[in-house]
Every structure is written in C-alpha cells, then in structure tokens.
Amino acid sequence: MHFAVQKDTLVRALKDVTSALATRVVQPILGNVLIQSFDETTVKFQATDLDLTIETTSPAVVYTPGAITLPGKKLLEIVSKLPNDLVSFQVDKENFETTVTCQRSKFSIAGLSAEDYPTVVENKPKEALLMPAQVLKKAISQTAFAAASYDASSILGGVYIVLEDGKFECTATDGSRLAHQAEELNVLAPVAAKVVDDKETEAESSASTATMEKPSTLKAIIPAKACTEIVKLLESLEASKKEEGESVTMKEVRVGLIDSHIVFETDTHLLSSRLISGEYPRYHDLFPSEFKCFAMFKREELMKAIDRVAVMSDDRTHLVKLHFAHETLQITANTPDVGRAQEEVSIDYEGEELDVAVNVKYMVDVLQRLNAESLRLEMLGSLKPLIMRGVDDDNYKYLLMPVQAK
C-alpha cells in the first residue's frame, strides 16, 4: 500500500477517529487505526473499541491500493509535528512496517495486518431518517452532560432519543438532575432508501425538517460518550468547511438502527454505537405541573457569581445555598476551617422567600450550555424539584433536585 495525504487533512481525520480507540487495550489491534484505500483519490480511516466505531474518508493520492492498521495515538502525535505538506505512507506487505515521510522527516512505524481488525458494523441501515444537523447537535449538547458518569453501561449512563409523530425528544438523567429537549419537526415521508449499492439519494430538507425513509418511529438509549463524539464530529465538520470557505451550516445527519447499534452518517463520516438495552424511566412524570415561586435572571451574571462563590464550596459536597427574596438572590458557600463566600445577584422574583441548597456543579453545567440571555427558575419548595428553562423557551427543561443542607 502506498498513498499520500495533506498533513492538515490527515491530522483532522486522525483526531476524529482516535476518540473511538479503546482506552484499556485488551487486544493490541484495538489501539490501532484501520487505514484503507477507497479508490484512487480517497482513503478511509476507522477506529473502534467494539462499542463505539468512528469512520471518516479523506482525499488522498493512492499509488498502490491496500489496507494497514497503525497505532492511532502515536501516529497522530507524529503527524501533528510534521510540516504542512504531503505526508507519504508506504507499507511493506511482508512485515507491515510502514514508512511515513514528509519533506526531510522520515518515520518507521510497526503496523498490524488489516485482516485481523475486528468488523463491527458490516452494513449500513437500509431505512433511516435524515435529521437536521443543528437540531441534533443542540439537543445532544444541552442534555448529554446530565447522564450518569459513574456507570456508563447503565440506562442512566445513556441519552434517550425519541422521534415519533414529528416530535423529537432528547433526555438524560443521573438521578439527581434531568435535562430534556423537545422539538417539533416537519416530517416528510417516504423517501427512497439511501443505501442502494452504496449510492446515496438526495433529499431536500430545511433546518427544522426530518426526512423519514422509514420507520416513522425511532427510540434508542445511546451511551453518553457516543453522543459527545457526535457533537465533536459535527463541530469538526463545521470547522473544516469554514477553513475551506464553504457554507458552515450542515444540513442533515442520517440516523438509523441496525443490529442493536445506532448509526449516524454524514457525507464524510460515520459513527456507530452499541445501544444500551432496557426501559428508560418515565421522565415526563417527574416534572411538576404547578409552581409557587418564580425567579428570572441574567444567565451570564448568575453564572459568574456562582462560579466565584463555588471556590469556597466543600470539595466533597459541592454545596451552595441560594436565598430567594423579592429582588435579590443571595448565594453562599461555606467550608469549615477554610472559609465562606457570599454574593448577591439582582433577580425578578415572585413568591415567598425561599432557601434552597444545590450541587453547584450541576448549576454551572447547565448555565454553561444554555444560549438564552435570560433564564427562568420555577420552584415549589426547599426540597422540591427546581425547573430551569430559557425565558419564552418551552422546548428545553432542566430539572434539578435540591439537597438537604445542614
């Protein structure tokens, strides 16, 4: 195998796929990236940990077709330090040793046979939907952070997505908080299936339209890690388009289910993730139907104030106390033998004075991810769920359970 790829294109492709490499390598080959020639002008890169698989194609000059697997992180480290020029790869088919050259730089890397690389997703879904990329990216960005990080394989370690009757919902919870995004989409159906001898059929869709191929309902619990990687891939694609002077906004991502996996496809990338099996909690029942206290505040102002006070919160509990009064929110944190912090923020408040204690990290997480200038907090009592949402935004809700303060 012999091919050459432009350095910056190569770095971007390797960064995109190496996120899927196994962190604890039981099989040495799972620490490698599979590199295959697609045709005379395209090379495909793939990495997997058997649960998550990421593929991307890059323009290249292919002199001799073939396939090889090379250590992913080491290859990325090497390529990142090379001059911005063509990077040439030449593989010795006898021992799989690969020579990497760029201008006056030359490296020799020990590879492994591509024949030993595990096949995770052999086929693409024949029936799927074309999801508006910006809707998908926003929904995942504003929910996946709330999934449980302590048990990635459990139901609470995943993000639950539902598309049914034109309504798209994305939900994540770790038991102490819950983030929920809902969008009404215009659904066009049916459209010819995309996979026909690997040739794509084009379907026009607007930023708020999901084009259904079939079926009309999709429900899946996706590991939070995979969701994070979807967002990273979409951001990487936007960045590359911007560098090339193209339109930054992506149109659609093709989403489909196959063999207990969910597959996300763009023109140049594919991400496949094993699904989490089980029944997701009835989260709609968790949101209170009425409230007694309401607070409106500037997101940026509250975020900075909480961030300052958090310095004095206990490293174990991360607890801060919120005192809501007529026009003022008082934020305090206290750690015995260390010190105390207090700050006040102007708010519009309706209801009786109220004291609430929360995990400050859970507050900062959502404040950092919302784009609204003003937010609304709806409350029932000191130990009842708090609901945060953007002012005049009924699509997003963040439920936070208070903690018992001593």
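Reader: How are α1 and α2 oriented to each other?

Author: Two packed helices are described by the angle between their axes and the distance between the axes. In this predicted model, the axes of α1 (residues 7-18) and α2 (residues 72-80) come within 10 Å and cross at roughly 155°. Axes are lines fitted to C-alpha atoms, for helices over the stretch in contact, with angles from 0 to 180 degrees between N-to-C directions. Angles under 35 degrees count as roughly parallel, over 145 as roughly antiparallel, 65 to 115 as roughly perpendicular and the rest as oblique. Therefore α1 and α2 are roughly antiparallel. Helices (H or I, at least four residues) are DSSP runs, numbered from the N terminus.

Reader: Which residues make the contact?

Author: Contact means heavy atoms within 4.5 Å. From α1 come K7, L10, V11, L14, K15 and T18; from α2, G72, L75, L76, V79 and S80.

Reader: Which residues does S236 touch beyond its neighbours within four places in sequence?

Author: S236 is in contact with R12 and D16. S236 sits in helix α4 (residues 224-243). Its C-alpha atom is 7.8 Å from that of R12, 224 residues apart along the chain.

Reader: Is S236 buried or exposed?

Author: Buried means under 20% relative accessible area, exposed over 50%, partly exposed in between (1.4 Å probe, protein chains only). S236 is buried, at 14%.

Reader: How many disulfides are there?

Author: A disulfide is a pair of cysteine sulfur atoms within 2.5 Å. The whole structure has zero. For C227, the nearest cysteine sulfur, that of C170, is 6.3 Å away. C227 is buried, at 0% relative accessibility.

How values were computed:
Residues numbered from 1 in each chain as written. Predicted model: local features only at pLDDT ≥ 70, side-chain atom pairs only at ≥ 80, totals over all residues. Heavy atoms only, no water. Helix = DSSP H or I, 4+ residues; strand = E, 2+ residues; numbered from the N terminus.
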